[in-house]
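Here is a friendly walk through the ligand sites, helices and annotated regions of a protein model. Have the viewer open and follow along as we go.

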Amino acid sequence: LEKERGQVNFNVEELTNIYDGGAEETKLRRKVADVIQNDPEVRCKDIGMMTREERYIDGVRRCVYLYKVLLPREGWTPVSKEVKDYFKYRNIGKERSFGVHAGVFIPCLLSFGSDEQIAKWLPLAMQFQIIGTYAQTEMGHGTFLRGLQTTATYDKKNKEFVINCPEISAMKWWPGDLGKSANHALLMAQLVIDGKKYGMHPFMVQIRDLTTHMPLPGITVGDIGNKVGFETTDNGFLHLNQVRIPRENLLCKNAEVKPNGTYLTKASDKMVYGSMVRLRAIILESEAVSALGKACTIAVRYSLVRCQGELEPGKPEVSVMEYMTQQKKLLPYVAMTYVTHFACLKLSNQYNAFTREMDNNDISGLPELHALSAGMKAVVSEQCSDGIEILRKSCGGHGYSNASGIPIIWSSAVACCTYEGENTVMLLQCARYLVKCINQVQTTRMVGSVAYLNNMTQSTCHVDSVSGFKQLDVLVACFQYRAREVLKTAALKLSHLTKHGMASYNAWNQSSVELVNVVKAHITQFIVTTFASGITELECTKPVKNVLQQLCALYALSCINASTGDFLKVGYLSPRQCDLAHEAELELLSCIRPNAVGLVDAFDFSDDLLQSCLGAYDGNVYERLFAWAKKSPLNKTEVTIYQQYIQIRLIGRRKAF
Ligand SMILES: CCCCC/C=C/C(=O)SCCNC(=O)CCNC(=O)[C@H](O)C(C)(C)COP(=O)(O)OP(=O)(O)OC[C@H]1O[C@@H](n2cnc3c(N)ncnc32)[C@H](O)[C@@H]1OP(=O)(O)O
Ligand SMILES: Cc1cc2nc3c(=O)[nH]c(=O)nc-3n(C[C@H](O)[C@H](O)[C@H](O)COP(=O)(O)OP(=O)(O)OC[C@H]3O[C@@H](n4cnc5c(N)ncnc54)[C@H](O)[C@@H]3O)c2cc1C
């Protein structure tokens, strides 16, 4: 790898600083990483050999130590930048304990609680005097929130709400930290007053005794069992049987129930969905893009040291990175990590701007933010988790071992396709907004992520050279035209179906397969446009700007070459231009190949964080693999009990004959 590092033609540290958002950010992140990897109590350990129970207990122990010992020792607070960096860069799949408490329960308390309620519960939550979960999803409903069955019926006489799960499908199912850790739940239930339903509302419900940690009367709670990943998280179940809570436990920033049962709404009913917008807007970096970056680091470093086969007959074996097919598997995902990182940054900045507007009672930006966050969450989580699996396979047999570190990264990242809104549902939510926009574009000027719809002129691409397809303005135009045209086509189909008598809900369902593709085109347009414009404005050395431009072009071309049908159907690219775009991608793979190790080094993931025998900085793969395997519990004895049992059985059988 040192030989590879010698040929990198840009300043790696400069790129790390750009990726982090500045040299000071890099310094802070490294300070956090140093504190963590030099503290045996919280440094990453190889959990590949641990049982589920050991992983859960280890995760809880680490988090309690982090909040009770490390933070006070370092002078940090749970919301200080250092802790955000800690969770942003901690190894995926290893730091899950209290993830919902810290990342969902507390923010939702701030979103839904009145000032008095925040003053009451926030200090307790911040000090871990109460551990909370966000209990919305039920065994029978996760997507269709209007179908949630848990009820909160107001009892005027006692000024209480009676929380009840009327049947097994109403049981809360999946909430993180619920199974064994939480003693409170921010519970979403259908509010009922005098037999009238008011929809989903947030309630604070204590579920365990604060001293004994035993479930309170009427509460049945536990862990839902083993999962694909998230092994350190006790995703749980919660059944409530006529559980009574005070009237004051309805979190009442957006709506309240007066003592006499009068219902008072204070904000748009869509604000109850606000918690989901927040997480979709901010979770992608840590759960999807960072995971992709780790997998890229492991796969690229391994591919540079793994020698397999002759490229030129009779010559020495080459590293598998010399094969074009391997470069095609790896380098577009290195590009995707950089490109989506900056697109996610723009989305989270847009969310932060919206929260400031909301403080001034202006929620006009919510529809665009909801659509963009739903679309980005679906497209980025899917592209990243699909990419991680391709990167795992690119490592051959050792990629199938937990020693590679990639399976645990994938098993955690892929969950992002489901939680916080199942991806297809999210794509269709975004499609709903896009169809409205295209139908208004003749009379209303579009802004934000749909500004490209204002240009409705028909055109075609005029590029007639391979180098022309490496120009960012050409690529941005390709994506904007494709996104607009596929949206127009889908909207026309919808309109045609309804004009010919089909009910609108049925027309929507009949068009939903195209609409999913429309949103993917819209979001990749947003990602490419964001990164291309960001590079233009970026102040950096020419070698770094050049490599970023190459990465943007590579990501764009890999997307175009994966969906040439769209570009042909809308008439923007000719078959010959599709061939030129394909050649342009292959040329970019060769241009970027010499910089591959520098591009992943720039992500700056420490060996401690990667926990990978294949992806360590020094590239000593085989020594690490062997040392790792020897730690297998099966190797504690030369002859395992099972082998002894088999021998006894076989010997016994021989004697019988
Ligand atoms: C570290 C890892 C931690 C993991 C923690 C995980 C936590 C969780 O998973 S929490 C549970 C997450 N669950 C969801 O996200 C549920 C997803 N489902 C939905 O959000 C709903 O299906 C729905 C709201 C998208 C649709 O339900 P429905 O009642 O059918 O509503 P409509 O489609 O008719 O839309 C009504 C109206 O509301 C607007 N809208 C929908 N969602 C939002 C939102 N989040 N923010 C703002 N506005 C929203 C929607 O656009 C419609 O508006 P109009 O078009 O103006 O009518
Ligand atoms: C790791 C993990 C952690 C989680 N943590 C939490 C948590 O802390 N708190 C919490 O409340 N929940 C949590 N969840 C639950 C999660 O939010 C739900 O699983 C998610 O919202 C999807 O809902 P569902 O499981 O009911 O899937 P469903 O909605 O039943 O999806 C099943 C299939 O139906 C399709 N489908 C459903 N509705 C439509 C539609 N309208 N149009 C087209 N297709 C549709 C979907 O696309 C999907 O293919 C977690 C889940 C996971 C996996």
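## The shell around ligand 2

In this predicted model, the shell around ligand 2 is made up of eight nonpolar, ten polar and two charged residues. That shell holds 20 residues, and the closest are Y134, T137, G142, T143 and E422. If you are looking for the helix that gives the most here, go to α14, residues 423–440, with three residues in the shell.

Which atoms of the protein come up to the oxygen atoms of ligand 2? From the side chain of E422, a polar atom lies 2.6 Å from an oxygen atom of the ligand. The backbone takes part as well: a polar backbone atom of G142 is 3.0 Å from an oxygen atom of ligand 2, and for Q136 a backbone N or O atom lies 3.1 Å from an oxygen atom of ligand 2. On its own, ligand 2 exposes 970 Å², and the protein buries 63% of that area.

## The shell around ligand 1

Now turn to ligand 1, which is surrounded by 24 residues; T143, R146, R280, R432 and K436 are the closest. Sorted by class, the shell around ligand 1 has ten nonpolar, seven polar and seven charged residues.

For R146, an N or O atom of the side chain is 2.7 Å from an oxygen atom of the ligand, and a polar side-chain atom of R280 lies 2.7 Å from an oxygen atom of ligand 1. With G421 the contact comes from the backbone, where a polar atom is 3.1 Å from an oxygen atom of ligand 1. Taken alone, ligand 1 exposes 1,100 Å², of which the protein buries 82%.

## Where the ligand 1 shell comes from

Which helices each supply at least two residues of the shell around ligand 1? They are α8 (274–282), α11 (366–393) and α14. Helix α14 gives the most, with four residues, and α14 also gives the most to the shell around ligand 2.

Seen by domain, the shell around ligand 1 takes at least three residues from domain 1 (13–97 + 273–417) and at least three from domain 2 (135–266).

Helix α10 covers residues 324–359, 36 residues in total. Its first and last C-alpha atoms are 53 Å apart, close to the 52 Å expected at 1.5 Å a residue. Following α10 is N361, with a positive phi near 60°.

## Regions annotated in UniProt

An unreviewed UniProt entry carries the annotation "domain: Acyl-CoA oxidase C-alpha1" for residues 273–435. In the model, this span is 74% helix and 0% strand, with its end C-alpha atoms 21 Å apart.

The annotation "domain: Acyl-CoA oxidase C-terminal", also from an unreviewed UniProt entry, covers residues 472–647. Over those residues the chain is 76% helix and 0% strand, and the end C-alpha atoms are 68 Å apart.

Definitions and conventions
Residues are numbered from 1 along each chain as its sequence is written. Chains are lettered from A and ligands numbered from 1 in the order in which they are written. This is a predicted model: local features need pLDDT of at least 70, side-chain atom pairs count only at pLDDT 80 or more; totals for chains, interfaces and linings use all residues. Side-chain values use heavy atoms; hydrogens and water are left out. A residue is near a molecule or strand if one of its heavy atoms lies within 4 Å of it. A polar contact is a pair of N or O atoms within 3.5 Å; within protein, one must be able to donate a hydrogen and the other to accept it, and residues adjacent in sequence count only if both atoms are side-chain atoms. Accessible areas come from the Shrake-Rupley method with a 1.4 Å probe; for residues, only the protein chains shown count as cover. Ala, Val, Leu, Ile, Met, Phe, Trp, Tyr, Cys and Pro count as nonpolar, Asp, Glu, Lys and Arg as charged, and the others, Gly among them, as polar. Domain bounds come from an automatic or database domain assignment. The expected span of a helix is 1.5 Å times one less than its number of residues. UniProt positions are given in the numbering used here, feature names are shortened, and annotations may be inferred rather than shown by experiment.
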